Amino acid sequence: MSWLNYHHLLYFWTVARAGSIAKASEELHLAQPTISTQIKLLEESLGHQLFERKGRKLVLSDVGRTVMRYADEIFRLGNELKNVVSGLPTGQQLRLNVGVLDVIPKLVAEQLLKPALDAGPSLRIICRESPLPQLLAQLALHELDVVLADAPGSEPVSVRSFNHLLGKCGVTFFAAAPLAHLRKDFPRSLDGAPMLLPSEESSVRRSLDLWFERRGVRPLIAGDFDDSALLQAFGQKGHGIFAMPSIINEEVQRQFNVTAIGHTDEIEQCFYAITVERRLRHPAVVAIAEAARSHIFGG
């Protein structure tokens with residue numbers, strides 16, 4: 001197997017950014033023939049010409065532009081790696097690429113991620129929302145630093161992943177004013193009442209269905225939702241009762257102008273940070289885990 005020589009790539013990248021071998025020579029403190037030779041070796045290993053000469057100028061070829069895009073990302077990640085290992089940004093903004101499972105309520109995701117921003121004001125968070133299999137695939141490719149999920153990662157991926165439990169909480173049921181009277185005689189009042197539920201594929205939906213069955217309650221399912229924000233919007237308009245993790249009880253009532261009509265700890269929602277590392281190393285992920293375990297979920 002032929003391995004890419006990253007020294008050669010660095011010389012190419014520097015020339016492409018500087019615009020000429022002469023300027024790159026000054027920046028790298030290397031003789032111009034040395035740089036030219038290294039770029040030739042890179043072109044031979046890739047099997048393509050990376051530069052074209054137009055007059056006195058060197059311009060990137062079509063393949064050269066493709067290689068340049070990858071080189072930009074490779075050296076950006078290299079700088080990020082040094083920052084993460086040291087635990088401190090060194091003049092460059094620290095990035096956190098986080099995947100959020102699409103059924104996790106937005107208020108929960110914000111509450112979990114906020115400590116990372118508080119710990120590093122210069123942090124840049126890049127959030128991706130998808131079903132768990134897609135997020136784990138991106139994690140395996142190191143496109144994500146962490147995945148926030150409400151179930152441990154068990155999908156087959158090309159590298160092993162580790163589930164870090166952030167905390168557990170019960171579930172609170174909410175209703176807009178027209179349905180707020182159902183708090184009386186809860187949970188039997190839910191029998192026949194309109195209910196807005198997460199999709200059948202989600203772990204919390206399975207837990208809710210089992211709880212209804214154990215309680216002998218048969219609500220009228222008024223809607224199934226993949227998107228928690230849409231579910232909350234329907235609940236806010238009084239189209240049905242909806243359940244949310246109890247850690248966002250006060251915020252849900254305030255933001256959506258709804259009433260908490262009942263609570264149960266029999267339905268336990270768990271939240272995980274899934275990484276490719278056994279030990280959490282990214283400083284932002286460490287901040288998320290420490291805050292979740294110390295005060296978000298009540299220690």
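Among contacts (heavy atoms within 4.5 Å) in the protein chain between residues at least 6 apart in sequence, 73% join residues at least 24 apart. This is a predicted model, where local features need pLDDT of at least 70, side-chain atom pairs count only at pLDDT 80 or more, and totals for chains, interfaces and linings use all residues. Residues are numbered from 1 along each chain as its sequence is written, and side-chain values use heavy atoms, with hydrogens and water left out.

Here's the chain as a whole.

| Property of the protein chain | Value |
|---|---|
| Helices and strands | 10 helices, 10 strands |
| Span of the C-alpha trace along its principal axes | about 85 × 35 × 35 Å |
| Buried share of the 299 residues | 45% |
| Accessible surface | about 16300 Å², 52% of it from carbon and sulfur atoms |

A few terms from the table: helices (H or I, at least four residues) and strands (E, at least two) are DSSP runs numbered from the N terminus. Buried means under 20% relative accessible area, exposed over 50%, and partly exposed in between, with a 1.4 Å probe and protein chains only. Accessible areas come from the Shrake-Rupley method with a 1.4 Å probe, and for residues only the protein chains shown count as cover.

As for overall shape, the radius of gyration is 26 Å, whereas a compact globule of 299 residues would have one near 19 Å. That radius is taken over C-alpha atoms, and the globule rule is 2.2 Å times the number of residues to the power 0.38.

Now the insides. A nonpolar core is a set of buried Ala, Val, Leu, Ile, Met, Phe, Trp, Tyr and Cys residues joined through side-chain atoms within 4.5 Å. The largest one has 49 residues, and Leu148, Leu166, Val252 and Phe297 touch the most other members. Setting aside neighbours within four places in sequence, Val252 has contacts that include Leu107, Phe174, Phe242 and Met244. There's also a second, separate core of 18 residues, with Phe173, Leu179, Leu208 and Ile267 among them.

Gln38 sits in helix α3 (residues 32-46). Gln38 counts as buried because its relative accessible area is 18%. Beyond its neighbours within four places in sequence, Gln38 is in contact with His8 and Tyr11. The side chains of Gln38 and His8 are joined by a polar contact of 2.7 Å; the term covers a pair of N or O atoms within 3.5 Å, where, within protein, one must be able to donate a hydrogen and the other to accept it, and residues adjacent in sequence count only if both atoms are side-chain atoms.
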